[in-house]
Amino acid sequence: SAASDVYKRQVDNVTGSRIVTADGRARWINADEEPELFWAIRGGGGNFGVVTDFEYRLHPFDRNVLSGNIVWPIEQARDVLEFYAEWSAGLSDELYVGPSRGRLPEIGDALIMEVVYNGDPAAGEKELAPLRAIGKPLADGVQVQDYMIMQTSADAMMAHGVRSYAKNGMVKDWSQGLVDTMIDAYDPRVFLTNHVAGGAVKRVGETDTAFPHRNAELMLVFVTGWMDPAMDQEMIAATRAQYAAIEPYMGGYYDNIEYDRDAKTRNFGPAYTRLAKIKAQYDPGNLFRLNSNIEPAGCSAAQVEAELPPGLVDHDGGGVRQVEAAVAGSHRQSQPLFFGQAVEHGLRQAARFRAHQERIALPVARRVVTRNAARTQREDARIADGRQRIVERAVRPDARELAVVEARPPEPRLIQLEAE
């Protein structure tokens, strides 16, 4: 989030969660109830269960903020990045500025700086002025506007149906070598974006949560998107090549955008041993393994594969359930998985489920909601009519004053959706 320098990461603002663990139990966890599991899910990825509810600490926020993008032609990228590498180290917590690089419609190859200032716009304009003076921007869209404009600006890039693949890595320090490589290794097929991490994010202890990358300046994200399935291998290879070129300047990664590596590889640092022990307590059979997997302490991947039949798991004698690889998008097809057949079946099942949702379930749900809304309106009208009759009966013709009896408001009612 562009406001993280002030409010920290989302994991730092979670105060409670409901999670379904491998034994089928739904648990409410927080700093007092099962605190070890609560610590683990805040940075440990999907290794511990399925979270169904989050409770967050909220902060006051004026949604009309100084924000937008400044765009330079790719030929000026080196000058802008060299300036940014030095200038960004002294920015206030209120100013978020992060570099992206890629090919834009109607503009071409460009360097983009995403800007959000969480404070007085006049102060933000003053702090931003040195960056605006570098080179000759093609466009400057920074202005006071609704925060949601920036928050949703990239939604279309990853819309439903777009095939995509991504990798990421953490950058601890800007260096001339990093700037040079970002320029020299440019591939217009790969969009390089970022999540800047500084300010309040860095002031959280390294092991206060399971997210250990508190000393990173930013996270670089390498993304490709395409429509033709025939391009899958080409685009995945391009993303990996771009990542490999810049990898010497990165260490660790955000595991919710990374599926190609083992979790132990330079990622969780001092948190890994503790995470593995918690994994052994809550998921000793490694049911939740289709991720950047943390193996249960004392249990190897080979042991897990031997214990669990491909695609099947038995839950507390409740019968065998199909473990489907709920892979959200074809970009995860290169994910190293234990059971290839289960993955293929899961993808087919997911496709059938989406088709069912679009063809049957969603239209039925809309009709049911519409019908219940109409029924509620009729019921409210009936109650209002009855209330009026009560008032009329309370009026006595021979009384000097009219006695009006107010009916109590109806009790709250639940609207039950009916299946067709």
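Is Gly285 buried, partly exposed or exposed?

Good morning. The structure above is a predicted model. The chain has 420 residues, and 41% of them are buried. Its secondary structure comprises eleven helices and 13 strands. The chain exposes about 22700 Å², of which carbon and sulfur atoms supply 53%.

How confident is the prediction? The mean pLDDT of the chain is 76, and 67% of the residues reach 70 or more. Over residues 1-7 the pLDDT is below 50, and this stretch makes 28 contacts in the model beyond near neighbours in sequence. Residues 394-408 also have a pLDDT below 50, with nine contacts counted in that way. Where pLDDT is low, the predicted coordinates should not be read in detail.

Let me now return to the opening question. Gly285 is found in the loop between helix H9 (272-282) and helix H10 (301-307). Its relative accessibility is 23%; buried means under 20% and exposed means over 50%, so Gly285 counts as partly exposed. Glu295 is ten residues away along the chain, and the C-alpha atoms of Gly285 and Glu295 are separated by 9.2 Å.

Three strands form an open sheet in the order E2-E1-E3, with antiparallel pairing. Strand E2 (26-30) and strand E3 (50-56) are at the edges, each with a single partner strand, so one side of each has no neighbour in the sheet. On average, neighbouring strands of this sheet are turned by 20° against each other, direction ignored. Strand E1, residues 14-20, is joined to E2 by five bridges. Val20 is the residue opposite Ala26 in E2.

With a relative accessible area of 38%, Glu55 is partly exposed. Which residues does Glu55 contact, leaving aside its neighbours within four places in sequence? They are Asn13, Val14, Thr15, Gly16 and Trp28. Asn13 lies 42 residues from Glu55 along the chain, and their C-alpha atoms are 8.5 Å apart.

A further strand, E9, covers residues 163-171, and nine of its nine residues are buried. In a regular strand the side chains alternate between the two faces of the sheet. In E9 both faces are covered: Arg163, Tyr165, Lys167, Gly169 and Val171 are buried on one side, and Ser164, Ala166, Asn168 and Met170 are buried on the other. E9 pairs with strand E11 (residues 218-226) in the antiparallel sense, over nine bridges. Within that pairing, Val171 has Leu218 in E11 as its bridge partner.

I shall end with a pair of helices. Two packed helices are described by the angle between their axes and the distance between the axes. Helix H4 (residues 77-87) packs with helix H5 (residues 121-132) at an angle of about 140°, and their axes are 10 Å apart. From H4, the residues Val80, Phe83 and Trp87 meet Glu127, Leu128, Pro130 and Leu131 of H5. By class, this contact has six nonpolar residues, no polar residues and one charged residue.

Thank you for your attention.

Conventions. Residues numbered from 1 in each chain as written. Predicted model: local features only at pLDDT ≥ 70, side-chain atom pairs only at ≥ 80, totals over all residues. Heavy atoms only, no water. Pairing = 2+ DSSP bridges. Helix = DSSP H or I, 4+ residues; strand = E, 2+ residues; numbered from the N terminus. Axes fitted to C-alpha atoms, helices over the stretch in contact; angles between N-to-C directions. Contact = heavy atoms within 4.5 Å. Nonpolar A, V, L, I, M, F, W, Y, C, P; charged D, E, K, R; others polar. pLDDT = per-residue confidence, 0-100. Buried < 20%, exposed > 50% of the residue type's maximum accessible area, 1.4 Å probe, protein only. Areas by Shrake-Rupley, 256 points an atom, 1.4 Å probe, with all protein chains shown as cover.
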